[in-house]
Amino acid sequence: MALTKVCEANDLAKGQMAAFFVEGWEVLVIRDDRGDLHAMDGICPHEEYPLIYGELDEDVLVCAGHSWCFDVTTGDGLTQPGCRLAKYHVEVQGTEIYVDRDREPTAG
Ligand code: FES
């Protein structure tokens, strides 16, 4: 999959997240409190609850289903070690945010 536009860059303020459906795939895009963007699977690996209904507390995403916690900077599960959300490449081109499910996030 190539880069796919998900939204306008100004649609996501710091500390906000939004879910998008791209070709049947749900992706969660988060702009953290520093302004960095993160794209990851939008479905909880525990019992497949949509993570968009969760709560974002700085770098920690808490699933609304059963409160499993994930570090949005790494995708790592904090409640269940070894469990993680797949993260994807995300970038801004002009005024638009794009994700690429087939690429790893860019370091830094
Ligand atoms: S579905 Fe997310 S913690 Fe259970």
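Colleague: Where is Ser67 found?
Modeller: In this predicted model, Ser67 sits in the loop between E6 and strand E7, the latter covering 69–71.

Colleague: What is the phi of Ser67?
Modeller: Ser67 has a positive phi of about 70 degrees, although Ser67 is not a glycine. Most residues other than glycine have a negative phi.

Colleague: And how does Ser67 count in terms of accessibility: buried, partly exposed or exposed?
Modeller: Ser67 counts as partly exposed, because its relative accessibility is 43%.

Colleague: Is Glu58 buried or exposed?
Modeller: Glu58 is exposed, as its relative accessible area is 57%.

Colleague: Changing topic, how many salt bridges does a search of the whole structure find?
Modeller: The search finds 6 salt bridges. One of them joins the side chains of Lys5 and Glu96, at 3.3 Å from N to O.

Colleague: Which parts of the chain does the pair of Lys5 and Glu96 link?
Modeller: The pair links distant parts of the chain, with Lys5 in strand E1 (residues 4–8) and Glu96 in strand E9 (residues 96–100). The two residues are 91 residues apart.

Colleague: How accessible are Lys5 and Glu96?
Modeller: Lys5 counts as partly exposed at 40% relative accessibility. Glu96 is also partly exposed, with a relative accessible area of 22%.

Colleague: Which residues are linked in a network of salt bridges?
Modeller: The network links Asp32, Arg34, Asp36 and Asp59. Within it, the side chains of Arg34 and Asp32 meet in a salt bridge of 2.8 Å, N to O.

Colleague: Are Arg34 and Asp32 buried or exposed?
Modeller: Arg34 is partly exposed, with a relative accessible area of 47%. Asp32 counts as buried, because its relative accessibility is 0%, under the 20% cut-off.

Colleague: How far apart are the closest N and O atoms in the salt bridge of Arg34 with Asp59?
Modeller: In the salt bridge between Arg34 and Asp59, the closest N and O atoms are 3.3 Å apart. Arg34 lies in the loop between E3 and strand E4 (37–41), and Asp59 in the loop between E5 and strand E6 (60–62), so the pair ties together parts that are 25 residues apart in sequence. Asp59 is partly exposed, with a relative accessible area of 23%.

Colleague: On to the rings: how many aromatic pairs does a search of the whole structure find?
Modeller: The search finds 2 aromatic pairs. Trp25 and Tyr88 form an edge-to-face pair, 5.3 Å centre to centre and with 80 degrees between the planes.

Colleague: Which parts does that pair tie together?
Modeller: Trp25 lies in strand E3 (residues 25–31) and Tyr88 in strand E8 (residues 87–93), so the pair ties together parts that are 63 residues apart in sequence. Both Trp25 and Tyr88 are buried.

Colleague: And why do the rings of Tyr49 and Tyr53 count as an edge-to-face pair?
Modeller: The ring centres of Tyr49 and Tyr53 are 6.3 Å apart and the planes are at 70 degrees, so the pair is edge-to-face. The cut-off for edge-to-face is over 60 degrees.

Colleague: Are Tyr49 and Tyr53 buried or exposed?
Modeller: Tyr49 counts as partly exposed at 36% relative accessibility, while Tyr53 is exposed, with a relative accessible area of 56%.

Colleague: Returning to Tyr88, what is its relative accessibility?
Modeller: Tyr88 has a relative accessibility of 9% and therefore counts as buried.

Colleague: Lastly, how far apart are Tyr88 and Asp11 in sequence and in space?
Modeller: Tyr88 and Asp11 are separated by 77 residues in sequence and by 19 Å in space, taken from C-alpha to C-alpha.

Conventions: Residues numbered from 1 in each chain as written. Heavy atoms only, no water. Phe/Tyr/Trp six-rings, centres within 6.5 Å; stacked < 30°, edge-to-face > 60°. Helix = DSSP H or I, 4+ residues; strand = E, 2+ residues; numbered from the N terminus. Buried < 20%, exposed > 50% of the residue type's maximum accessible area, 1.4 Å probe, protein only. Salt bridge = Lys/Arg side-chain N within 4 Å of Asp/Glu carboxyl O.
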